[in-house]
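Please look over the sequence and the model first.

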Amino acid sequence: MPTDNAFVSLLETIYPPGRLLLEAGSRVSYQSDGLTAFAVKPMAIVVPETSEEVIDTIKLCKRENVPFVARGSGTSLSGGSLPVDGGIVIALNRLNRILALDPTLRIARVEPGVINLDVTRAAAPHGLRYAPDPSSQQICTIGGNLAFNAGGAHCLKYGMTSNHVIAVRAVLATGEVVEFGGDSLEGVGPDWTALFAGSEGLFGVALEITLRLLPEVQAFHTVLVAYDSLEAAGQAVSDIVSSGMLPGAMEIMDALAIAAAEAAVHAGYPDGADAVLIVELEGTEEQLACEIPLLSKILDSSGAKEVRVAVDDQERALIWKGRKSAFSAVGRLSPDFIVQDGVVPRARLGEALSEVKRLGEEYNLRVANVFHAGDGNLHPLILYEGSVKGSLERAEKLAGAILNMCARMGGSITGEHGVGMEKRDYLGEMFSEEDIAFMKRIRDAYDPEFVSNPGKMFPGKEAPALSMRGLHPLEQAGVLSRE
Amino acid sequence: MSSLTAKEIASCLREEGVESSRLLARGSGTKKPLWDLEETSLVEMSGFTGISEYDPSEYVFTARAGTKLSEIEQVLGEHGQYMPFDPPLAECGASLGGTVATGLSGPGRIRYGGLRDFILGVQFVDGNGVIVKSGGKVVKNAAGFDLPKFLAGSMGRLAILLELTFKVFPKPEDFLTICFENKTLADAFDQLVLASRSHWEPDALELEADGRLFLRLAGNSAALRLRAESILNKLKNGFILGTDGANEYWRKVSNFTWNGNKARYAKVPISPRDLLRLDAAVNTVDVECRYGMAANVAWLSWVNDGTTKQVDKVLRDLELSGLVLKGHAGETLIGHRVEYSIQNRVKAVFDPENRFPPLS
Ligand SMILES: Cc1cc2nc3c(=O)[nH]c(=O)nc-3n(C[C@H](O)[C@H](O)[C@H](O)COP(=O)(O)OP(=O)(O)OC[C@H]3O[C@@H](n4cnc5c(N)ncnc54)[C@H](O)[C@@H]3O)c2cc1C
Ligand SMILES: Cc1cc2nc3c(=O)[nH]c(=O)nc-3n(C[C@H](O)[C@H](O)[C@H](O)COP(=O)(O)OP(=O)(O)OC[C@H]3O[C@@H](n4cnc5c(N)ncnc54)[C@H](O)[C@@H]3O)c2cc1C
């Protein structure tokens, strides 16, 4: 590795001063992502405006053996975009052009720094939308979504980011520029595009991404249902699933989450409920006309305290507002919290929630639950007070116990937030040594020099302590809320 | 149940004496050009069968690679579920592993996604005979690299697939097919674009070279009738196909019998934008053609040996790649090829000793 100064002079051949950030202040702004407990100051931050600059930078890093981390908006909740010691950050926000949007083909080709919601905004005038909707969608980038295979509230029906990406142009960590996929939904040979998706920045940097767009949904039917217990809400989800309907979203919140959301946004959720279930049907008007009576019948006999149907867009928006604000709202109940996103088989949701509750009591910590019930993706929020000695350690242990439980039940340690820095020591809960060794060899094939986001995903060097303190700065500013 | 075990399959790659020979898995053998290669021994997967896990309320099943699609479809059907991407050749005995290895989806692909969008997990044997697992058994999972999706289309050249986990959906109560008869393919294409951008949620959109467009709807019977009426008001020259006619059409499409049993059949992924250009180009050779998945794939079919070369040239000129599914030995990939050095390096991770045939 060259000295910092020597490497900086090499970077100066690519970037003008305004786009090569070296001063302490900028280095502090990029030292963390959404997992704010970790912080590493990068050697420098570069802000490319063209693909060529990115390619030249990667070639330089490879030649000089200097690690790099690509960064979109830095909203990763697992430390994915945390800088690497002695390395640089490639900030991709200025590569934010929508290069082409073809309504006939229903595809959009975008640069990696394009904001998720901006794709839907650009598609809307054509009656189209981009389906993946992580709740950070106002701020996170398509490049970050691709690298982390981001999800959202509609994954059971529509899948995750990789289900909506049909081509990727990327510069690999070796400097090789590749174009995987094309303008067709279909391909011949192994699916290289799909392998790049979810590779957590370990293969290289995506330069152009081709997204599949879907027609806007014609009609929605959104219902808010209150229950006396989480079990009853969970049972209603099972009944809906076995009826043969395929709702766009099914979300559950527990009492603590409801109370927090109510205090924060006054969404008008029923008082005193131990759980609320949000079910949203979507589709053609004719299809909904058939499904609505079926859904009401199921809900009416599900032991609900109250069933409230959104009569217009405004009421629908209010129901979702309560749900979408839940995380940040819970965060306000406590000075610090940790959020996990493990998955359990849906049929074991009830069992998993009881276990989470039991664990919370065992560790003497409050846990709020907000989750994607349709796909078994939990989001337990563990509340603790960082200033109380031993509280953080207890919270970390509890978080670990929940991940163990998810793996033991045959689920996953992460449904959408990725492994990153935070969960790398838990990868072994899901995969054998051989499985992990195999994945590492794949990684080595893409990045033999070990320069692209090294130290993430795989168990290895001493990991910094696991902790997520408080809200993301953007949440504090009220810009963001999380799911 | 299975007469083979995963360990026995893995040990094929470790056996003394066969070290130098190349191996390839064969499912039911429906796609001959993909497995009938020179100097290659076959690992028969037809003894490695059975659905190992299926809980309808999870929308997920896991099955061994040699299991026939028809068996899976039947079991899913008993619980009102299905694989919405319509894996082809089910009636001909195609296996799940062969379907994944070929990366084949059918007409239903356009609504909820293709095979690569429904595969969740895989267990495979690599070229060293090591058994590796990737992905998961739940509908949502972001841990580790997505090897299950990657292996869709790997043609047995990277690994022997042992077990596969898939997401499934509730099967719609009913299907309804509308046929539009247009004078030209260009007219049909205009209709297709309208339908594909609409909120009618078409379940399938297939084009015939003679200008017919087949639009399939799926959902509740009553809803389908109403929806069909409003579509017929918007798009001209259409009529609702009777159940028998519709079934016959979709069966032909799925079984690749629309150009007879002897012909070769090839899959050529296209962008809808390529449709008319490709159609004009194949008119110069002796090839039958139909266009599936809202014009995202061209299915080409021809009978004469000599035609293969001509098709290859047409595709190269248009920079399109093709995969021959039914036909003769050694004709697997035709048309345009793109190669990057990363592909060889990844192949070397799966198969360092080249025990499986090369990727291209
Ligand atoms: C309030 C809040 C709510 C959230 N809600 C959700 C949710 O509902 N669902 C969900 O899935 N996630 C959610 N997240 C997590 C996060 O938003 C996603 O992981 C998102 O995809 C990250 O995007 P980003 O642009 O911020 O990427 P970053 O955090 O900047 O980067 C994430 C990873 O991607 C890599 N990367 C970035 N750009 C590229 C590129 N061009 N090429 C290669 N690698 C690249 C980085 O190196 C890093 O490893 C939430 C986060 C917050 C703070
Ligand atoms: C001679 C013959 C003629 C036929 N003619 C017709 C016909 O005209 N029309 C018709 O509709 N049907 C026909 N069939 C039907 C046929 O019997 C079955 O449909 C078919 O065998 C299913 O093949 P498969 O999908 O399992 O894939 P295969 O053809 O066995 O394999 C396809 C590819 O997948 C790979 N592969 C398979 N399994 C695995 C695995 N586990 N791991 C890794 N790679 C794997 C193979 O290496 C190969 O590259 C015919 C069958 C035969 C034998």
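Across the interface of chain A and chain B there are 7 salt bridges, a salt bridge being a side-chain nitrogen of Lys or Arg within 4 Å of a carboxyl oxygen of Asp or Glu. The model is predicted, so local features need pLDDT of at least 70 and side-chain atom pairs count only at pLDDT 80 or more, while totals for chains, interfaces and linings use all residues. Residues are numbered from 1 along each chain as its sequence is written, chains are lettered from A and ligands numbered from 1 in the order in which they are written, and side-chain values use heavy atoms, without hydrogens and water.

**The interface**

In total, 88 residues of chain A are in contact with 75 residues of chain B (contact means heavy atoms within 4.5 Å). The two chains bury about 6700 Å² between them, with 60% of it on carbon and sulfur atoms; buried area is the accessible area (1.4 Å probe) that two parts lose on being put together, summed over both.

**Salt bridges**

Over all chains the count comes to 44 salt bridges. Some of them are listed here.

| Pair | Closest N and O atoms |
|---|---|
| R109(B) and E186(A) | 2.6 Å |
| E251(A) and R323(A) | 2.8 Å |
| E416(A) and K140(B) | 2.9 Å |
| D117(B) and R116(B) | 3.2 Å |

R109(B) is buried, with a relative accessible area of 3%, and E186(A) is buried at 10%. Here buried means under 20% relative accessible area, exposed over 50%, and partly exposed in between (1.4 Å probe, protein chains only). D117(B) is also buried, at 8%, as is R116(B), at 12%.

Within chain A, E251(A) and R323(A) form a salt bridge. E251(A) lies in strand β13 (residues 249–254) and R323(A) in helix α11 (residues 313–333), so the pair ties together parts that are 72 residues apart in sequence. Helices (H or I, at least four residues) and strands (E, at least two) are DSSP runs, numbered from the N terminus. Both E251(A) and R323(A) are buried.
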